[in-house]
Amino acid sequence: SAGGMGFGFGGDYYYNNKRFVSLELSHRINQFHPPYVDTTYDFIAHNLNVSFRKGHRWNRVEYSYGLSFSYLNNEYSKNNRSILDSYKTLGFSTLFNYQLTSVMYVGVRYNPSVYSFKSIDKGFDYEHIIGIDYRLKF
């Protein structure tokens with residue numbers, strides 16, 4: 001599905017001028033109902049994510065990669081009936097940012113999940129989040 005937005009907090013620790021580690025806690029929400037398409041259900045998804053990444057900086061460009069843990073909560077509803085699907089995943093996190101001003105960054109995020117802790121179908125399962133990242137660093 002497409003759309004949605006998120007909000008997060010994090011911190012970077014630079015251990016030299018060009019290298020850093022990053023810890024981030026974020027929440028993304030996605031409500032999927034495509035325009036001009038008549039669907040028989042509504043869908044809303046929440047993703048709470050903790051990412052730990054190692055980063056590199058080159059002039060105004062930052063690239064970081066690491067591990068990710070997510071808690072997903074999906075709700076499908078139709079005619080006052082809802083189905084709730086909640087589970088946890090482990091995966092990877094990558095972030096590519098470009099520094100626009102002294103505090104403003106814009107970039108692309110890719111978080112693939114490779115292992116799912118679902119109650120029924122636990123095991124290796126691929127899912128991902130791709131998004132545009134806008135951040136302020138103070």
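## Exposed or buried

A residue here counts as buried under 20% relative accessible area, exposed over 50%, and partly exposed in between (1.4 Å probe, protein chains only). Take F7 and F9: they are both exposed.

Before going further, two notes. This is a predicted model, where local features need pLDDT of at least 70 and side-chain atom pairs count only at pLDDT 80 or more, while totals for chains, interfaces and linings use all residues. Residues are numbered from 1 along each chain as its sequence is written, and side-chain values use heavy atoms, with hydrogens and water left out.

## The end of strand β1

Let's start with N16, which belongs to strand β1, residues 5-16 (strands are DSSP E runs of at least two residues, numbered from the N terminus). N16 is partly exposed, because its relative accessibility is 38%.

As for R57, 41 residues away along the chain, its C-alpha atom is 10.0 Å from that of N16.

## Rings, and charges over rings

The whole structure holds five aromatic pairs (Phe, Tyr or six-membered Trp rings with centres within 6.5 Å; stacked under 30 degrees between planes, edge-to-face over 60, tilted for the rest). In one of them, F7 and F9 have ring centres 5.2 Å apart and planes at 85°, so this pair is edge-to-face. Another edge-to-face pair is Y115 with F124, at 5.1 Å between centres and 85° between planes.

Y115 is partly exposed because its relative accessibility is 22%, whereas F124 is exposed, at 74%.

Some rings have a charge sitting over them (NZ of Lys or CZ of Arg within 6 Å of the ring centre and within 35 degrees of the ring normal). K118 has its charged end over the ring of Y87, 4.7 Å from the centre, and K137 lies over the face of Y105 at 4.6 Å.

## A nonpolar patch

On the surface, L23, L25, L48, V50, F52, F69, Y71, L90 and F117 make up a nonpolar patch with about 770 Å² of accessible area together. (Patch members have over 30% relative accessible area and no salt bridge, and nonpolar side chains are joined within 5 Å.) Two or more residues each come from β2 (19-32), β3 (42-58) and β4 (61-78), and β3 gives the most, with three. F69 is located in β4 and is partly exposed, at 34% relative accessible area.

## Salt bridges

How many salt bridges does the count come to? There are ten (a Lys or Arg side-chain nitrogen within 4 Å of an Asp or Glu carboxyl oxygen). One joins E24 to R135, with the closest N and O atoms 2.8 Å apart. It links distant parts of the chain, 111 residues apart: E24 sits in β2 and R135 in β7, residues 123-136. Both partners are buried.

R135 also meets D133 in a salt bridge at 2.7 Å, N to O. D133 is buried, at 7% relative accessible area. A network of salt bridges links E24, R53, R109, D133 and R135. K118 turns up again too, in a salt bridge with D125 at 3.4 Å; D125 is partly exposed, at 28%.

Notes. Helices (H or I, at least four residues) and strands (E, at least two) are DSSP runs, numbered from the N terminus. Patches are made of residues with over 30% relative accessible area and no salt bridge: like charges are joined within 9 Å, nonpolar side chains (Val, Leu, Ile, Met, Phe, Trp, Tyr) within 5 Å. Accessible areas come from the Shrake-Rupley method with a 1.4 Å probe; for residues, only the protein chains shown count as cover.
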